[in-house]
Amino acid sequence: MGLGGCIILIAVGAILTFATDWHMQGVNLDLVGVILMIVGLIGVTTFSSIARRRRVMVPPTSTTVVETERRPHDGYSDGYGV
């Protein structure tokens with residue numbers, strides 16, 4: 001169940017607890033709503049802790065530039081023929 005499912009559980013639980021006044025024999029809708037909200041909150045905390053662990057901080061890689069000295073092939077030391 002993802003984050004959206006957890007938020008839906010919290011919303012449905014809140015609606016059952018605070019916005020309805022239905023009375024069903026043998027079912028306490030206020031208690032069902034509270035249970036749904038608690039399960040949704042547990043899901044949100046679990047999802048956020050797992051998402052935090054997945055986020056890995058990778059240090060930026062720095063490229064090492066190695067400059068090589070070019071030597072002339074014609075035998076001159078400075079490369080200009082002098």
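Tutor: We may, starting with threonine 20, which counts as buried because its relative accessibility is 18%. Buried means under 20% relative accessible area, exposed over 50%, and partly exposed in between, with a 1.4 Å probe and protein chains only. Please note that this is a predicted model, in which local features need pLDDT of at least 70 and side-chain atom pairs count only at pLDDT 80 or more, while totals for chains, interfaces and linings use all residues. Residues are numbered from 1 along each chain as its sequence is written, and side-chain values use heavy atoms, with hydrogens and water left out.

Student: Where is threonine 20 placed, and which backbone oxygen lies 2.8 Å from a polar atom of its side chain?

Tutor: Threonine 20 is in the loop between α1 and α2, the latter being residues 29-54. Helices (H or I, at least four residues) and strands (E, at least two) are DSSP runs, numbered from the N terminus. A polar contact is a pair of N or O atoms within 3.5 Å; within protein, one must be able to donate a hydrogen and the other to accept it, and residues adjacent in sequence count only if both atoms are side-chain atoms. Here, the backbone oxygen of leucine 16 lies 2.8 Å from a polar atom of the threonine 20 side chain.

Student: How many helices and strands does the chain have?

Tutor: The chain has two helices and zero strands. Of its 82 residues, 13% count as buried.

Student: How does one read the sides of a helix?

Tutor: An α-helix has 3.6 residues a turn, so residues three or four places apart point the same way. In α1, the buried residues are Cys6, Leu9, Gly13, Leu16 and Thr17. They lie on the same side of α1 because they cover an arc of only 95° around the axis, the arc being that of the directions from the helix axis to the C-beta atoms. Ile8, Phe18 and Ala19 are exposed on the other side of α1.

Student: Is phenylalanine 18 buried or exposed, and what is its relative accessibility?

Tutor: Phenylalanine 18 has 65% relative accessibility and therefore counts as exposed. This residue lies in helix α1, residues 3-19. Its C-alpha atom is separated by 9.7 Å from that of valine 34, which is 16 residues apart from it along the chain.

Student: Which residues does threonine 17 touch, beyond those up to four places away in sequence?

Tutor: Contact means heavy atoms within 4.5 Å. On that basis, threonine 17 touches Asp30, Gly33, Val34 and Met37. The threonine 17 side chain reaches the backbone oxygen of aspartate 30 at 3.4 Å and the backbone nitrogen of valine 34 at 3.3 Å. Threonine 17 has 15% relative accessibility, so it counts as buried.
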